[in-house]
Amino acid sequence: MEYPAFHELYQNSKGSTWQCDLTNKIHVHFNGMIATFKIHDFLAFRRKVSSIDIHQMIFNLSDDFDYELLEAPQVQLSWQLTLCEIVQLRDLLDGTKFVLSLNSMLYEVLGEGALA
């Protein structure tokens with residue numbers, strides 16, 4: 001998916017993230033699902049995913065820990081994810097956060113005209 005106003009931020013084997021220049025929103029494509037976030041909602045969603053206790057999912061043998069229900073009501077999102085999917089989603093979100101931070105730092109240091 002390549003649109004003039006969209007720029008890919010990060011991708012892994014299960015998904016990719018894009019930023020729209022017109023709306024300044026982050027589009028997360030993961031495992032066939034698409035969610036669109038405002039920047040602050042994206043950061044809150046990333047924190048929520050990062051707070052999932054993977055250690056407990058690995059070592060707890062109860063069926064209750066086979067999946068994690070992940071909700072983001074601001075974008076009407078509800079995903080039931082396995083441990084592997086959570087790890088892959090974390091990678092996608094963390095990579096995206098890194099790219100956003102790097103871009104912000106470059107704009108701050110070099111100025112907006114230097115990156116155009």
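Biologist: What should I know before I start?

Modeller: It's a predicted model, where local features need pLDDT of at least 70, side-chain atom pairs count only at pLDDT 80 or more, and totals for chains, interfaces and linings use all residues. Residues are numbered from 1 along each chain as its sequence is written, and side-chain values use heavy atoms, with hydrogens and water left out.

Biologist: How many helices and strands does the protein have?

Modeller: Helices (H or I, at least four residues) and strands (E, at least two) are DSSP runs, numbered from the N terminus. Here you get three helices and six strands, running β-β-β-β-α-α-β-β-α from the N terminus on.

Biologist: In which order do the strands of the open sheet come?

Modeller: Two strands pair if DSSP finds at least two bridges between them. In this open sheet, four strands follow the order S1-S2-S3-S4, with antiparallel pairing. S1 and strand S4 (33-38) are the edge strands, each pairing on one side only. Take strand S3 (residues 25-30) and S4: six bridges join them, and Val28 stands opposite Ala35 in S4.

Biologist: Which strands does H3 touch?

Modeller: For angles, axes are lines fitted to C-alpha atoms, for helices over the stretch in contact, and the values run from 0 to 180 degrees between N-to-C directions. H3 packs on the sheet and touches S1, S2 and S3, its direction making about 135° with that of S1.

Biologist: Is Thr96 buried or exposed?

Modeller: Buried means under 20% relative accessible area, exposed over 50%, partly exposed in between (1.4 Å probe, protein chains only). Thr96, which lies in helix H3, counts as buried because its relative accessibility is 0%. Contact means heavy atoms within 4.5 Å. Leaving aside neighbours within four places in sequence, Thr96 is in contact with Leu9, Tyr10, Thr17, Ile26 and Phe42.

Biologist: Which residues line the largest pocket?

Modeller: Rolling a probe the size of a water molecule over the atoms shows where empty space is left. On a 1 Å grid over the protein atoms alone, a pocket is an open set of points where a 1.4 Å probe fits, with protein on both sides within 12 Å along at least five of seven lines; lining residues have an atom within 4 Å of a point. Here the lining is His7, Leu9, Gln19, Cys20, Asp21, Asn24, Leu100, Asn103, Ser104 and Tyr107. H3 gives the largest share, four residues.
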